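Me: Hi! I'm new to this one and would like a friendly walk through it. Can I paste it here and ask a few things?

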Amino acid sequence: MRLMAEGLSARRGEDLIFNDISFALAAGEALVVTGPNGAGKSTLLRVVAGLLEPESGRVRLEGGPWGFEHPRELSHYLGHRNAMKRELTVEENLTFWQRFLGDSPGGSGIDLVEAAEAVGLAEIIHLPFGYLSAGQQRRMAMAKLIVAFRPIWLLDEPTAALDVSADRLFAGLVAAHLDRGGIVVAATHQPLGLAGAKSLEMTGFVH
Amino acid sequence: MIALFFRDLKLSVRAGGGAMIGVLFFMTVVAVIPFGVGPDLNLLARIGPAILWIGALLASLLGLDRLFQAEREDGSLDLIMMQETPLLLAVLVKCAAHWTATGLPLVIASPFLGLFMNMDEGAIGATMVTLLAGTPAITFIGAVGAAVAVALPRGGLLVSILVLPLAIPVLIFGVSAVYAAIEDPAPFLPPFMILIAITLFFGVIGPVAAAAALRHSAD
């Protein structure tokens, strides 16, 4: 399976925020998108996630499972916001996403207690999500990535608000996902510690 | 999708959820009418069905603006929009959950509030049946308004204003069906059938329009 982006450009208001960006990622490959604030990293990820229409170009999947039109249907998207409800407990949140997302063909998610253990927070899944600290909330949002299987992970600043040990833990999760033949696109300022990842430097337009 | 339905129900009864707010508002509106109108029992019985319907309409508009806005604010909407299952199905399920959490309690509370208005059993029964058939339409219409105003920080009043003109036919046929049931010459079925037709019509149009509006508000 290959994730291809061909000649992508996107517009924010009047201005093109980036122009003619192409990449191709095979199974097991990662792309790290870097660049200064406002260079369009998040916008690029939202275009790949199908949440924003590109001005030109397209995103497609080659050799993916039958019946999926757009890569977004096979993707996890971890944005700036965690997509968890403050009023529900962590367990209820994770159970909901596990059942709502379901597994993509070719893999299966892990049990949510194991997922909470994998992010090092198994003892607090009975608490409402709103009681957790910013770092703990982010870790739980990562647990969401592994309770339901998706071959493609789109990660926008995944390690914001994380401490050093959680950074390492997250790098481990990403490496394990790549070993299983997953694809990762991550926009970040910090090094994720991924050996052999492709990189894409976005410069933004100079006005 | 069933998971989404039950999550929304759970959220509506937790802190900050809107399930009880609607019923309380409904009760407040109906309870103050007798004080304003005065103790004329015949008059109260005559305007009772209309007051119940107006109260229910306003109470169902309350909290509609949060239908998609809450999802958008915490990022859940992005994930819902990315799935293979069509967005309009998710919208339909959210409407169903919203109606079960806020519309159904209004229907259940209406007989008790009917007693405040000195209505007899026939009028109370007819009001309850018409509310049961009509309030889903208000939710479906409101979903479109909520989807249009999803990106606006203070969209609450805007949603009500957008939605109200479309909800007026529901009110007209709901109230006229009740009066047809309690006053002899007029037949009950024609206005009631039109009310059901309105609900079914918006049950189809509402989710489609709301899903389209959500797709366009993406940024």
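Me: How do helix H3 and H8 of chain B cross, and at roughly what angle?
Reply: This is a predicted model, and in it the axes of helix H3 (residues 41-61) of chain B and H8(B) come within 10 Å, crossing at roughly 150 degrees. H3(B) and H8(B) are therefore roughly antiparallel to each other. The crossing is right-handed.

Me: Which residues of H3(B) and H8(B) meet there?
Reply: From H3(B) you have Pro49(B), Ala50(B), Trp53(B), Leu57(B) and Leu61(B). Their partners in H8(B) include Ser160(B), Val163(B), Ala167(B) and Leu171(B). By class, this contact of H3(B) with H8(B) has 11 nonpolar, 2 polar and no charged residues.

Me: And what about H8(B) with H9(B), how do they cross?
Reply: Helix H8 (residues 156-182) of chain B and helix H9 (residues 189-216) of chain B have axes that come within 8 Å and cross at roughly 150 degrees. That angle is over 145 degrees, so H8(B) and H9(B) are roughly antiparallel. H8(B) passes H9(B) in a left-handed crossing.

Me: Which residues touch in that pair?
Reply: On the H8(B) side, Pro169(B), Val170(B), Phe173(B), Gly174(B), Ser176(B), Ala177(B) and Ala180(B) take part. They meet Pro191(B), Phe192(B), Ile194(B), Leu195(B) and Ile198(B) of H9(B). The contact divides into 10 nonpolar, 2 polar and no charged residues. Gly174(B) is also one of the residues of H8(B) that meet H3(B).

Me: Are H2(B) and H6(B) parallel or antiparallel?
Reply: Helix H2 (residues 19-37) of chain B and helix H6 (residues 87-116) of chain B pack at an angle of about 25 degrees, with their axes 9 Å apart. That makes H2(B) roughly parallel to H6(B). H2(B) passes H6(B) in a right-handed crossing. Among the residues making the contact are Phe26(B) and Met27(B) of H2(B), and Leu106(B) and Phe116(B) of H6(B). Sorted by class, the contact has 13 nonpolar, 2 polar and no charged residues.

Me: Switching topic: how many residues are in the largest nonpolar core?
Reply: It has 123 residues, and those with the most contacts inside it are Ala143(A) and Ala147(B). Helix H7 (residues 121-148) of chain B gives this core its largest share, 14 residues.

Me: What does Ala147(B) touch?
Reply: Leaving out residues up to four places away in sequence, Ala147(B) touches Phe68(B), Ala210(B), Ala213(B) and Leu214(B).

Me: How many residues does each chain put into the contact between A and B?
Reply: Chain A gives 21 residues and chain B gives 19. On the side of chain A, strand E5 (75-78) and helix H2 (90-101) are the elements that give two or more residues.

Me: Where is each of them, and is Asp20(A) buried or exposed?
Reply: Asp20(A) is in strand E2 (residues 15-26) of chain A, and it counts as exposed because it has 11 C-beta neighbours inside 10 Å. Glu157(A) is in the loop between strand E6 (152-156) and helix H5 (164-179) of chain A. With 18 other C-beta atoms within 10 Å, Glu157(A) is partly exposed.

Notes. Residues numbered from 1 in each chain as written. Chains lettered and ligands numbered in written order. Predicted model: local features only at pLDDT ≥ 70, side-chain atom pairs only at ≥ 80, totals over all residues. Axes fitted to C-alpha atoms, helices over the stretch in contact; angles between N-to-C directions. Helix = DSSP H or I, 4+ residues; strand = E, 2+ residues; numbered from the N terminus. Parallel < 35°, antiparallel > 145°, perpendicular 65-115°, else oblique. Left-handed = near helix turned anticlockwise from the far one by under 90°. Contact = placed C-beta atoms within 7 Å. Nonpolar A, V, L, I, M, F, W, Y, C, P; charged D, E, K, R; others polar. Buried ≥ 20, exposed ≤ 12 C-beta atoms within 10 Å, placed from the backbone. Core = buried A, V, L, I, M, F, W, Y, C linked by C-beta atoms within 7 Å.
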